[in-house]
Amino acid sequence: MNVLIVFAHPESESLNGSLKELAVDVLNDEGHQVQVSDLYTMNWKAVLDKDDFPERMNKELFNPIAEQLNAVEKDNIPLDIKREMDKVLWSDVIIFQFPIWWSNFPAILKGWIDRVFYNGFAFNVGEMKLYNEGLLKGKKGMLSFTTGASRELYTDKGPHGDIEVLVKYFNHLLFEFVGMDALPYFAIFGPGEMSEEERENELDRFEEIIRNLP
């Protein structure tokens with residue numbers, strides 16, 4: 001398989017960094033091809049704005065969705081975005097590796113989604129190519145993340161709410177929206193409260209999952 005890992009953590013020596021490196025090593029060991037988009041190292045521009053469309057079709061009113069489609073049709077996509085699109089097209093599986101911040105993706109990862117999953121590339125609103133007809137149909141996506149809080153805080157009775165609800169929201173309105181199949185997620189809850197042995201056990205669990213990616 002071709003696997004793209006989109007890595008969104010500012011510290012390479014973090015647990016997220018260890019998970020990313022472990023995934024690369026295991027995938028290579030299994031004979032798969034791997035590319036990594038390390039968003040912080042790349043200084044990825046997180047904000048979708050007018051600068052992404054130097055040759056706008058409507059200079060009076062900025063409509064990002066319309067401008068994305070126009071840029072695809074005119075083959076006028078900024079180079080940094082086009083490079084990421086090429087990685088997406090190349091991939092069979094995309095893994096997002098990130099920490100949960102404020103019950104969501106880090107801004108830099110959300111910005112990658114905003115700027116790469118173009119109308120006309122990942123989906124097409126005008127032609128209703130969404131969900132089962134999404135333009136990335138046939139690919140698979142996986143969320144792999146850490147949380148600062150323990151598992152108990154992410155239950156239906158916990159203060160943060162049920163993590164399953166959050167993951168379902170992410171999977172449905174991200175991967176499934178563009179036609180991708182959502183793989184089961186991997187999460188490490190409250191690693192700061194774990195012993196070294198417990199963290200190692202979690203890494204072993206992750207290795208087994210990556211080694212057996214469908």
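Strands here are DSSP runs marked E of at least two residues, helices are H or I runs of at least four, and both are numbered from the N terminus. I'm working on a predicted model, where local features need pLDDT of at least 70, side-chain atom pairs count only at pLDDT 80 or more, and totals for chains, interfaces and linings use all residues. Residues are numbered from 1 along each chain as its sequence is written, and side-chain values use heavy atoms, with hydrogens and water left out.

I then looked up the whole pairing: S1 and S2 (residues 33-38) run parallel, joined by six bridges; strands pair if DSSP finds at least two bridges between them. Six of the six residues of S1 are buried, meaning under 20% relative accessible area with a 1.4 Å probe and protein chains only. Asn2, Leu4 and Val6 point one way, Val3, Ile5 and Phe7 the other.

**Nonpolar cores**

Next I checked the cores, which are sets of buried Ala, Val, Leu, Ile, Met, Phe, Trp, Tyr and Cys residues joined through side-chain atoms within 4.5 Å. The largest has 42 residues, and Phe96, Phe105 and Trp112 are among those touching the most other members. Elements giving it two or more residues include S1 (2-7), H3 (79-90) and S3 (93-99). H5 gives the most, with six. A second, separate core of 20 residues includes Leu15 and Leu213.

Not counting residues up to four places away in sequence, Phe105 touches Phe96, Phe98, Lys110, Ile113, Leu143, Phe170 and Leu174; contact means heavy atoms within 4.5 Å.

**Largest pocket**

I got about 370 Å³ for the largest pocket. A pocket is an open set of points on a 1 Å grid over the protein atoms alone, where a 1.4 Å probe fits, with protein on both sides within 12 Å along at least five of seven lines; lining residues have an atom within 4 Å of a point. Volume is the space filled by probe spheres set on the points.

I listed 17 lining residues, with Lys110, Ile113, Asp114, Leu173 and Leu174 nearest the centre. H2 (64-73), H4 (107-116) and H5 (163-175) each give two or more; H5 has the largest share, four residues.

**Arg115**

Last, I looked at Arg115 in helix H4. Arg115 is buried, at 1% relative accessible area.

Key: Buried means under 20% relative accessible area, exposed over 50%, partly exposed in between (1.4 Å probe, protein chains only).
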